[in-house]
Amino acid sequence: MRQIGFAFLFITLWLTTSLAHASVANAPGANLEVSLVTYGPGETYWERFGHDAIELRDTVSGEAVNFNYGVFDFNEKNFLLNFARGRMHYLMDAAPSDQDERYYVEAGRSITRQRLVMTAEQATALRDFLLWNLRPENAGYAYDYYVDNCTTRVRDALDKALGGVLAARLKARPGGMTYRQQTVRLMSAQPWLMLLLDLGLGPYADQPLNAWQESFLPEVLQAQLREVRVDDGHGNLQPLVQDEQLTSPNRLDVPPPTAPDLRLPLALAGLLLAALLVLARRWWPTGYALLGTVYLLAAGLVGLLLLTLWTLTTHHSAWANANLLLFNPLAFALLPTLWRSRRGLAASRFIDGVIALQLLACMAAVLLHLLPGTVQQNQPWLLFALPCWLVLAWSLRRHRR
């Protein structure tokens, strides 16, 4: 995905006008060569998922144009507010292939070109659709990380030109990972952001995917196309990918093939924090209060964030997050009692009720996780939060007579 400035509309108008007289726009379908160009993940967080484009090349003139759907504008009015609310406005763009790919070569990101088998009619239909889509009134769309992004738009354009062959083939195959697993895997080079995303994803991210759904990622779509067979017009099936070429090698760290298992690291972190609370409660009451304050503030703020994502945004992948049972604003109510407890003062009956309610919420989170069927895969956060809440409940109630 790429960012472009306020001049986007002017550039789009210029490209549309110039393409109207360019050989790619006027070439017969038999002269059009269609390729999927896949770019490897970058170093910036919004580049971690990779990117791709459709290349149309006129085999007679040699002119090649890349069409992609990954343009957004940081200078757009209320961009950050709309981003936070899940209302992201993305745009389609087109540029000469060598110009479009120069950035990725300089950034050290891999470039792979897959030449696709298409009839003259299919290539013409794809070209006409892309030129129509490039018009300013058609170029914008409401971006969604998983179901409507720069890769799903490329996938859908190819599927439309192929008469629905891609959808038919890929929906019949199971996917390899869930949305959560792919997200954690690709963000693993940035641990804090990876943890934040894993914490914020709800059960939507854990649904089983088919190959069509998992093709929201450029590298997955690239791999899936290798397995697709299409009719050659004579009743025989042939590979959709005619040939594949790595045109620029990767010079960056490659994401791991599988998602890291967060259960052991977060379980150990939770046990360590719980042990420190127990030791500090005995030997350093002020340190105990400070450490407990950090945990309770974090739990309360995370709860507010998760509640906001569920009720006030269109980030549907964050809705109904079971982590709200582990981290929620109830934590704020315990802060005064935490500081009084360091002097040996007992919790009030009301605070006893708050503690009991929080423990019941933790139990509900465990029971939800044990239900049959697809449930939210939040074991790491269960393993982290349970020891901390049990120790806090014990320490806040220990002087009750």
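How many salt bridges does the structure hold? The predicted model holds 15 salt bridges.

**View 1. E33 and R57 meet in a salt bridge.** Their side chains come to 4.0 Å, N to O. The pair links distant parts of the chain, 24 residues apart. E33 lies in strand 2 (residues 32–39), and R57 lies in strand 3 (residues 51–58). R57 is partly exposed, at 26% relative accessible area.

**View 2. R115 also meets E33 in a salt bridge.** The N to O distance is 3.8 Å. R115 sits in strand 6 (residues 111–116) and E33 in strand 2, 82 residues apart. R115 is partly exposed, with 25% relative accessibility.

**View 3. A network of salt bridges links seven residues: E33, E55, R57, E101, R113, R115 and D243.** E33 is one of its members, and its partners R57 and R115 belong to the network too.

**View 4. R226 and E244 meet in a salt bridge.** The N to O distance is 2.8 Å. R226 lies in the loop between helix 11 (218–225) and strand 8 (229–231). E244 lies in strand 10 (residues 241–248), 18 residues away from R226. Both ends are partly exposed: R226 at 39%, E244 at 36%.

**View 5. Helix 12 (residues 263–283) packs with helix 13 (residues 285–311).** The angle is about 150°, and the axes lie 6 Å apart. Helix 12 passes helix 13 in a left-handed crossing. Helix 12 brings L273, L276, L277, A280, R281 and W283 to the contact. Helix 13 brings P285, G287, Y288, L291, G292 and Y295. By class, the contact has 9 nonpolar, 2 polar and 1 charged residues.

Definitions and conventions: Residues numbered from 1 in each chain as written. Predicted model: local features only at pLDDT ≥ 70, side-chain atom pairs only at ≥ 80, totals over all residues. Heavy atoms only, no water. Axes fitted to C-alpha atoms, helices over the stretch in contact; angles between N-to-C directions. Helix = DSSP H or I, 4+ residues; strand = E, 2+ residues; numbered from the N terminus. Left-handed = near helix turned anticlockwise from the far one by under 90°. Contact = heavy atoms within 4.5 Å. Nonpolar A, V, L, I, M, F, W, Y, C, P; charged D, E, K, R; others polar. Buried < 20%, exposed > 50% of the residue type's maximum accessible area, 1.4 Å probe, protein only.
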